Amino acid sequence: MIASCLCYLLLPAARLFRALSDAFFTCRKNALLAKSSSTQVEGSFAMAPRGPDQEECEGLLQQWREEGSSQVLSTLSEGPLVDKGLAQSSLALLMDNPGEQDAVSEDKWSSRQLSDLRAAENLEEPFPEVLGEEPLPEVEGPVWTAVPMQTGPQYADCAALPMGALAAEQWEEDPAVVAWSIAPGPMPQEEALIWPFEGLGQLQPPPMEIPYHEILWREWEDFSTQPDAQGLEAGDGPQFQFTLMSYNILAQDLMQQSSELYLHCHPDILNWNYRFANLMQEFQHWDPDILCLQEVQEDHYWEQLEPSLRMMGFTCFYKRRTGCKTDGCAVCYKPTRFRLLCASPVEYFRPGLELLNRDNVGLVLLLQPLVPEGLGQVSVAPLCVANTHVLYNPRRGDVKLAQMAILLAEVDKVARLSDGSHCPIVLCGDLNSVPDSPLYNFIRDGELQYHGMPAWKVSGQEDFSHQLYQRKLQAPLWPSSLGITDCCQYVTFCHPKRSERLQYSRDFLLRFRFCDVACQRPVGLVLMEGVTDTKPERPAGWAESVLEEDTLEPEPVLPRTVGTIQHCLHLTSVYTHFLPQHGRPEVTTMPLGLGTTVDYIFFSAESCENRNRTDRRLCQDGTLKLLGRLSLLSEEILWAANGLPNPFCSSDHLCLLASFGMQVIAP
């Protein structure tokens, strides 16, 4: 109130008297409201928790009279003469005629406030209304101080009260609205401040020493004790357990090329050194056994990521995008848990083929789990891990399907066992397609009828139905020269070469001895007497021409279906893409502030016996069981953290993490 009085001294004399009286009765109103039972926040004032008794109000006015008035008068004595005289006369009028000020200001108060004031007059100890009364004895208790209301853009009606350094606040430098609150004092650690405002949230900045994963509230969902479709718990029998993380870490070059997408971020949090430290903190905290990364910049990989991950115990494989691109995909695993069987980089670019003229890549690894020695002579099937980053362009769904067909064909080749079945498979990455889109359903269901489908509809990222010209998919989607069937398998696996050699009889070969070609003298043949100077005579009855049998193996014909593609890997998603506790869809990225899911972890599972197309889950856990996953977040929660990236998550995508169990087979 002292600072308010000082500020109003600069107003014209005609308005000073009324301003000072309003300020005095505002102080008195808030002091009385603190004694009342109402916790309603009125106007621009937020009431703090009420004091234990009326002595707080008396202490407030006592402090104002003993300290505040003297400071005001001393401050005025140092100013110009005109201002000093004006202030002294105004204060005298304010102190000598409080009743008249009541009459002037009372008509501005609401009926609720007037009822509170009249109720205060009936208190056992009357409230002092004149500043010139006898001093009251000091009371022990919290001191009332004025603190500025700090409101953010999302919490305009909520006052965030700073918890420290209130005395150092310079009121004359802060034009914010002043609210009355109890100055914080030392409190026991077991006690917590009670937030009295119903309907208002309390926003406090989290301390920086709290790890990012506690601020973004991601929880681990444990499925290890939940029964499967057959009623068996996932933990029955020995299992080889491992965790896998899929993460698009946002290449620095791509971020700088699309800087308009990150205008909401402070430049400091976009610095690579800051982002690299945060990414390494995530890797160390979650400590996965297999790490699948997308948008890994090549120079950052070789100079920082690969050495750091190697120190953490990982063996890394990297595949840069083709062409002039500077980023790619990486798959890292711990050699203490797995042994590498083979690694297959996948390039989607095909020269001369317009459908596959993009530089996206993938990486497929076949790993052999290392069983602890304590389990004895047991074995675990190999594990196939595929990682990819599919084309982003929402209009080119045909390119996305062709790229996915190449990846599935490579996975089919790597994961196929000698008996024709497949080992457990985990396929993850940034697929640039939303849940329940045709591309997503193709991976999950194993079949897609694409003929006549608009290309933009394949990924479901954007709706271009309003455009007159729309590219539509035609059958066949890719030419036979690609060497991949409509079942997403390489041709060599559909038509193996014949192992036996063709057998030719002697009589068959002799038929060519006196044919027309054999009886013609070759050009440039050197004449040698008795050797090349005679012409062979065809015996009587010998045919001049011989019908040669077709000895070449016929070219295999690719089995092509009309407008349908399939695969037989039986994949299902780790995530359900919906948060039942919040009633919101899951979000893995927020381009331009719009939350969506484009990152996935698919794993191989067995088909349900009674497949119902209306059921989201068409597969049940097979030899690869889902034991747990790291929960995703909703769009609202990410908005509260200023979207992506933010100070705690240094990518524009969230990481995906899942835990699996593999059956251990006894000999």
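**Helix H10 and beyond**

Modeller: Helix H10 runs over residues 298–311, and its 14 residues should span 20 Å at 1.5 Å a residue; the end C-alpha atoms are 19 Å apart, which agrees. The expected span is 1.5 Å times one less than the number of residues. Helices (H or I, at least four residues) and strands (E, at least two) are DSSP runs, numbered from the N terminus. The model is predicted: local features need pLDDT of at least 70, side-chain atom pairs count only at pLDDT 80 or more, and totals for chains, interfaces and linings use all residues. Residues are numbered from 1 along each chain as its sequence is written, and side-chain values use heavy atoms, without hydrogens or water.

H10 has a kink of about 40° at Leu305, shortly before the proline Pro307. The bend at a residue is the angle between axes fitted to the seven residues ending there and the seven starting there. After H10 comes Gly313, with a positive phi near 100°.

Which residues of H10 are buried? They are His300, Tyr301, Leu305, Glu306 and Leu309. Buried means under 20% relative accessible area, exposed over 50%, and partly exposed in between (1.4 Å probe, protein chains only). An α-helix has 3.6 residues a turn, so residues three or four places apart point the same way. Contact here means heavy atoms within 4.5 Å.

Strand E7 holds Glu295. Phi of Glu295 is positive, near 55°, and the residue is not a glycine. Glu295 is buried, at 10% relative accessible area. Most residues other than glycine have a negative phi, and most peptide bonds are trans.

Now the core. The largest nonpolar core has 62 residues, and Phe242, Leu244, Tyr247, Phe283, Ile290, Ile601 and Phe660 touch the most other members. A nonpolar core is a set of buried Ala, Val, Leu, Ile, Met, Phe, Trp, Tyr and Cys residues joined through side-chain atoms within 4.5 Å. Leaving aside neighbours within four places in sequence, Phe242 contacts Asp289, Ile290, Phe338 and Phe660, among others. A second, separate core of 48 residues includes Val364, Leu366, Ala409 and Leu448.

The loop between helix H16 (635–640) and strand E23 (656–665) contains Pro645. A cis peptide bond joins Leu644 to Pro645, with omega about -5°. Asn642 is in that loop too. Its phi is positive, near 70°, and Asn642 is partly exposed, at 36% relative accessible area. Another cis bond links Ala475 to Pro476, with omega near -5°. Pro476 lies in the loop between strand E15 (447–449) and helix H13 (491–494).

Ser631 is in the loop between strand E22 (624–630) and H16. Ser631 is buried, at 7% relative accessible area. Not counting residues up to four places away in sequence, Ser631 touches Arg218, Glu219 and Glu221.

How many disulfides are there? The count is zero, where a disulfide is a pair of cysteine sulfur atoms within 2.5 Å. Cys649 is in none, and the nearest cysteine sulfur, that of Cys655, is 7.1 Å away. Cys649 is buried at 2% relative accessible area, and Cys655 is buried at 1%.
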